[in-house]
Amino acid sequence: MKRMILISALLCASLAAMAHVRVTTPETEMVLKADAGSELKVLYYGARLSDADVAGLEAAGAAWVDAYPAYGFHCAGEASIGVTHADGNMSTVLKVDTVSQSHEDGAQITRIRLKDTVYPFYVTVCYKAYQDVDMIETWTEIENLGKKAVTLTRFDSGHLPVRVGDVWISHLHGTWAAEGRLTQEQLERGMMVIKNKDGARNAHTDHSEVMFSLDGKPQENAGRVIGAALCYSGNYELRIDTRDTDYHEFFAGINPDNSAYILESKEVFKTPELAFTYSDEGLSGASRNFHRWGRKYKLAHGDKERKILLNSWEGVYFDINEPGMDQMMADIAYMGGELFVMDDGWFGEKYPRLTDNSSLGDWKVDRNKLPNGIGWLVEQADKHGIRFGIWIEPEMTNSVSELYEEHPEWIIKAPEREPVLGRGGTQLVLDLGNPEVQDFVFKIVDDLMTENPKIDYIKWDANMPISNHGSQYLPKNKQSHLYIEYHRGFAKVCDRIRAKYPDVTIQACASGGGRANWGVLPWFDEFWVSDNTDALQRIHMQWGTSYFFPAIAMASHISATPNHTVFRTTSLKYRIDVAMSGRLGMEIQPRNMTQEERDLCRKAIAEYKEIRPVVQFGDIYRLVSPYDGHNMASLMYVAPEKNQAVFYWWKTETFYDDHLPRVRMAGLDPDKMYKVTELNRIDNVPLKYEGMSFSGKFLMENGLEIPLKHIVDYHKQDDWSSRVLYLSAQ
Ligand code: DGJ
């Protein structure tokens with residue numbers, strides 16, 4: 001009898017163990033409990049576990065939280081999904097129906113189908129676990145197999161419990177010209193909501209990515225961190241709900257506010273991917289995971305070096321003309337650049353684009369400014385030995401435009417009301433949910449590329465939010481689909497463009513950094529971090545942005561002083577050293593620079609070409625934060641083979657008799673010897689350690705003293721100092 005009990009206990013144990021669904025990457029793991037007929041539970045997310053530890057998880061105490069809580073049955077907590085069924089029932093109860101695991105394109109795919117206990121309503125919770133990077137994406141597929149439509153009032157992508165303790169959240173917020181500002185705060189009880197309701201763009205203000213430091217105050221290179229990024233171009237909502245339990249509950253998805261979705265019979269609603277990572281190497285470790293995954297699986301052409309470019313915007317604004325463009329091309333070619341981008345102001349026939357109050361939508365070249373058209377400019381670029389790029393803002397129009405005269409029904413506006421006007425007092429957003437608008441937007445790119453196949457780069461801008469709710473295309477009962485359909489339309493157009501033009505480089509710009517999101521970047525090669533090009537503020541913005549996005553995607557340009565946004569004057573060397581920590585470019589009128597300045601840029605561009613692979617494909621180690629009040633900031637990139645690294649050091653405040661910290665490096669091979677070479681040197685004498693070699697161990701334990709000032713002629717001295725050191729293993 002005793003023996004029988006023992007055997008059945010063993011059987012139960014093994015069945016229970018079988019019901020554990022393990023979603024694994026090389027170093028991380030999520031464990032779910034998926035017993036048929038029961039709720040799907042999340043038990044664990046963190047470092048990879050042994051079989052024995054998975055078997056013991058429940059005994060040890062696991063999260064045991066619904067993976068995708070549905071509203072209406074045990075209502076007190078937050079829900080991932082809310083449904084009003086066809087008969088008005090607002091409750092949904094989801095139980096595990098089937099579980100499948102497979103391998104596709106080097107990733108483990110887990111699909112757990114949940115079924116409502118009463119209605120033919122299904123939710124498939126999906127996980128994609130990469131096998132060469134430590135990222136797990138989750139999303140859901142919501143399916144109505146009933147005969148009548150149901151209404152979705154909430155439709156998150158995913159949900160994750162984070163054990164309460166000394167947990168801190170790092171997240172980004174900002175505004176136009178101040179994007180990517182880092183905020184770090186301890187999670188308390190109550191609800192924290194991070195959201196966007198811009199409608200068209202979603203990264204200017206708060207970002208849809210966060211990191212949770214699990215071991216107290218966030219550290220860059222130590223401690224356990226969970227990172228999460230909602231990959232979506234539209235309105236989102238992240239919630240962290242901390243109630244009377246041991247878990248902070250993190251929810252993320254499309255923002256359901258004013259977006260109730262009518263799910264027709266047989267229709268499937270797929271939610272955007274929510275990507276998770278885990279690292280025990282601090283915030284920088286989580287960033288490296290995001291960057292590796294992003295470059296390999298998300299970012300367009302994440303494995304190709306980016307060209308060094310000059311963009312015309314801050315140099316000439318709307319003052320586009322042939323000799324001016326030709327001169328800028330000659331100048332960037334002289335400095336060693338590889339691409340010239342003609343920004344806003346080149347188009348409009350009936351209404352020439354002289355300023356920002358007209359012409360969007362009229363993508364015909366302004367022959368008064370450019371009598372020989374785009375073709376001539378492309379040819380000139382060829383002659384200068386560089387490539388040509390062009391600016392467009394395809395989702396928008398102005399009330400002063402031929403397009404609006406022909407198609408007033410294409411704009412987004414509330415019924416019975418005058419449209420809200422944006423930039424220039426005339427801007428309007430086109431209704432991308434309308435297939436005719438999608439065709440029009442696709443054709444803008446298609447015409448440009450067909451007429452000028454040598455165009456190498458497109459800057460795709462978007463300078464207005466959706467400011468009034470109303471689609472002239474959607475039926476009355478589906479007006480709440482406006483935001484979702486806009487972004488489905490955006491995705492369809494981008495898919496078509498990429499199918500036909502896979503090679504062209506496309507920048508996502510949206511009044512600066514409004515489209516820095518992993519849901520956008522699969523179609524785009526990079527994003528414009530901000531319209532604010534001031535080097536000091538860029539250190540802060542790029543620091544925050546680097547939490548989630550790699551340098552290769554962050555367009556970072558050398559611009560004029562006083563800076564056009566904050567009017568600060570920084571030295572050219574400082575501006576170069578900041579721009580060189582991202583995807584280097586220029587945004588300046590070279591004609592207004594002295595020969596000495598042009599030559600400094602020429603030298604910097606040549607040196608950037610040497611370190612470009614390390615910056616663009618290397619691993620980031622953030623060392624001293626500009627937000628921590630040390631009057632300096634420092635970070636470095638290390639090549640994956642650890643044979644090369646680039647170290648950046650920027651002073652952020654100047655006080656006489658200041659004593660700045662000595663920065664310890666990170667990420668090097670302790671046993672390798674690294675030769676130190678200063679880049680962009682302006683000093684009359686080299687650094688004392690120029691050309692010397694140090695062990696990785698020494699550099700990581702002690703670092704190098706960085707002089708607070710540059711040794712230059714008296715009249716050249718200023719209060720800005722910065723250093724870029726190239727380390728090469730001997
Ligand atoms: C906003 C962008 O962020 C700028 O870089 C520039 O392209 C302007 N739009 C042009 O109107």
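How many Å separate the centres of domain 1 and domain 2, taken over C-alpha atoms?

1. The answer is 34 Å. This value, like those below, comes from a predicted model. The domain assignment divides the protein into domain 1 (14-289), domain 2 (309-617) and domain 3 (622-729).

2. The interface of domain 1 and domain 2 brings 43 residues of the former into contact with 43 residues of the latter. About 3,200 Å² is buried between these two domains, with 56% of that area on carbon and sulfur atoms. On the domain 1 side, the greatest losses of area to domain 2 fall on Glu179, Arg201 and Ser233, which together account for 18% of what that side buries.

3. Polar interactions across the interface of domain 1 and domain 2 comprise 24 residue pairs in polar contact, counted where both residues have pLDDT 80 or more. The rule finds one salt bridge across this interface. A salt bridge joins Lys478 and Glu264, and their closest N and O atoms are 2.8 Å apart.

4. The ligand is surrounded by 13 residues, the closest being Asp343, Asp344, Lys459, Asp461 and Asp531. By residue class, this shell contains six charged, four nonpolar and three polar members.

5. Gly512 contributes through its backbone, with an N or O atom 3.0 Å from an oxygen atom of the ligand. Taken alone, the ligand exposes 290 Å², and the protein buries 98% of that area.

Conventions. Residues are numbered from 1 along each chain as its sequence is written. This is a predicted model: local features need pLDDT of at least 70, side-chain atom pairs count only at pLDDT 80 or more; totals for chains, interfaces and linings use all residues. Side-chain values use heavy atoms; hydrogens and water are left out. A residue is near a molecule or strand if one of its heavy atoms lies within 4 Å of it. A polar contact is a pair of N or O atoms within 3.5 Å; within protein, one must be able to donate a hydrogen and the other to accept it, and residues adjacent in sequence count only if both atoms are side-chain atoms. Accessible areas come from the Shrake-Rupley method with a 1.4 Å probe; for residues, only the protein chains shown count as cover. Ala, Val, Leu, Ile, Met, Phe, Trp, Tyr, Cys and Pro count as nonpolar, Asp, Glu, Lys and Arg as charged, and the others, Gly among them, as polar. Domain bounds come from an automatic or database domain assignment. Contact means heavy atoms within 4.5 Å. Buried area is the accessible area (1.4 Å probe) that two parts lose on being put together, summed over both. A salt bridge is a side-chain nitrogen of Lys or Arg within 4 Å of a carboxyl oxygen of Asp or Glu.
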